[in-house]
Amino acid sequence: MRVKAFLLAGALASAGPIAAQDTETRQLTDHQQMVHDIYRDIIGFRTARGHQQVDDMVAYLTKRLSDAGFAQEDLMVTDYDSDGEPTQGLIVRYRGDGSSGDKPIVMLAHMDVVDALPEDWDRDPFTLTEEDGYFFGRGTMDNKYGVANLVGTFIRLKDEGWTPNRDLYLAFSGDEETGMVSTRAQAKWIAENVDPAFVLNSDAGGTALDDEFKPLAMRVQAAEKTFATFELTVSNPGGHSSRPRSDNAIYELSAALLKLADHKFAVQATPLTRSYFAALGQSVPGELGDAMRAFAENPEDPAAVATLQSNPETVGTLGTTCVATMLRAGHAENALPQSATATVNCRIFPGIGVEKTQAELARVIGNDNVSFKLMAEVTESPVSVLRDDVRAAVAKSLAARYGKDIPIIPYMESGGTDGMHYRTLGYDTVAVSGGASRSQDMYAHGLNERANVDAFYSGLDHWTIILKELAGG
């Protein structure tokens, strides 16, 4: 990799359409306005694979940070080749005075997004739109809120003239949603050159809200499942469509996928999972809360398991999941298919492993004509510890935000984040996003991704309070 100090001179990089449609008047502080503007501008960069706009976003962010007083040598831009496509990463150093004698703290976020097709959305996904109490746009939750909030916090603290008692670092990756090439390289560089005390991730966790937008609990991601993608392929000699064969590649693959759709992996009841459901179940109303508490008490309760497995918000916490996400087959409308391929994405419960998961899929499908190909390197990461000092700092942020104590509950993420690569290198890594959301408002990776406007603004002191608690207020 090539690391360089980067200082952008001249005008701000263009972020495309940036005008938000404000539907209500709100008096903003200078800090709120600044972070809103950063958020608006970076939503405008289509940082999805295939569009090569991560470098434009990096140029924009480095210009913002440079203007705030961060020195050229503290803005490190790195070029990467991510599976044949260029991308970049950004590492920002906030120099401390070293008075605490403590190791640095590293904060994570990712700049790339899953692509969004404008023709499918109700609004342009790459123009921040405020409507009906929400900000709409690709990355509004995943993870450009984390980027904007962290960058805004660094600028705010620099403007205040604050000097931390230890170094602080931002590590922003450029391909978290795809190959994680930048993530792996940044984690290695951080380990070799920074050796932090611990790592905080902005890309998971956050406050769970009830239907009335009241806080239920602060979820702190302390573990995550293993991300593994397989291609399942059926091959066939094919032929003319006027002479159908009894063995059709598309039909064979379809039959295999239907078996996969019906399959449920074994329920896993770790201490982390049970404690998470026991704590969150105290706040979640109705049948779901009852099921959480019942599962924590007895993980073999069939009714509780059925309820939790039927809910998209909780099914991934119970064990491994594998789901078909893409299909391709055939080569001509008047020819029998010579091959049919399905992409199957698995989120594997810690400790199970890829080999056992593939073996179980093959057993369930029961067809030797279906071949398996693992599509990328797999990272399995351990569980991290939520340190007492981090818990106390998060608690102070929550008390300032909500005016009362909020339960803080470690949990295992069903998805995958940059954090896995820092955990595998031995660093406790927990995700403590400043975001807050109801379960029904989670649209990351989907159509019409959104973030609640009130929650956006109320979370903008989050990182300031945490960093001052952990690095000298």
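Predicted model: local features only at pLDDT ≥ 70, side-chain atom pairs only at ≥ 80, totals over all residues.
Local features need pLDDT of at least 70 and side-chain atom pairs count only at pLDDT 80 or more, while totals for chains, interfaces and linings use all residues. Residues are numbered from 1 along each chain as its sequence is written, and side-chain values use heavy atoms, with hydrogens and water left out.

View 1. The strands (DSSP E runs of at least two residues, numbered from the N terminus) line up as β13-β15-β11-β16 in an open, antiparallel sheet. At the edges sit β13 (321–329) and β16 (370–374), each pairing on one side only; pairing takes at least two DSSP bridges between two strands. Between β13 and β15 (residues 339–348) there are eight bridges, and A324 has V344 in β15 as its bridge partner.

**View 2. Helices on the sheet.** Helix α5 (residues 249–262; helices are DSSP H or I runs of at least four residues) touches β11 (226–235), β13, β15 and β16, where contact means heavy atoms within 4.5 Å. Its direction makes about 20° with that of β15; axes are lines fitted to C-alpha atoms, for helices over the stretch in contact, with angles from 0 to 180 degrees between N-to-C directions.

**View 3. Around T140.** This residue sits in the loop between β6 (134–136) and α3 (144–159). T140 counts as buried because its relative accessibility is 0%; the cut-off is under 20% relative accessible area, with a 1.4 Å probe and protein chains only. A polar atom of its side chain lies 2.8 Å from the backbone oxygen of G137, and one lies 3.4 Å from the backbone nitrogen of R450.

Methods
Buried < 20%, exposed > 50% of the residue type's maximum accessible area, 1.4 Å probe, protein only. Polar contact = N/O pair within 3.5 Å; in protein donor to acceptor, adjacent residues only side chain to side chain.
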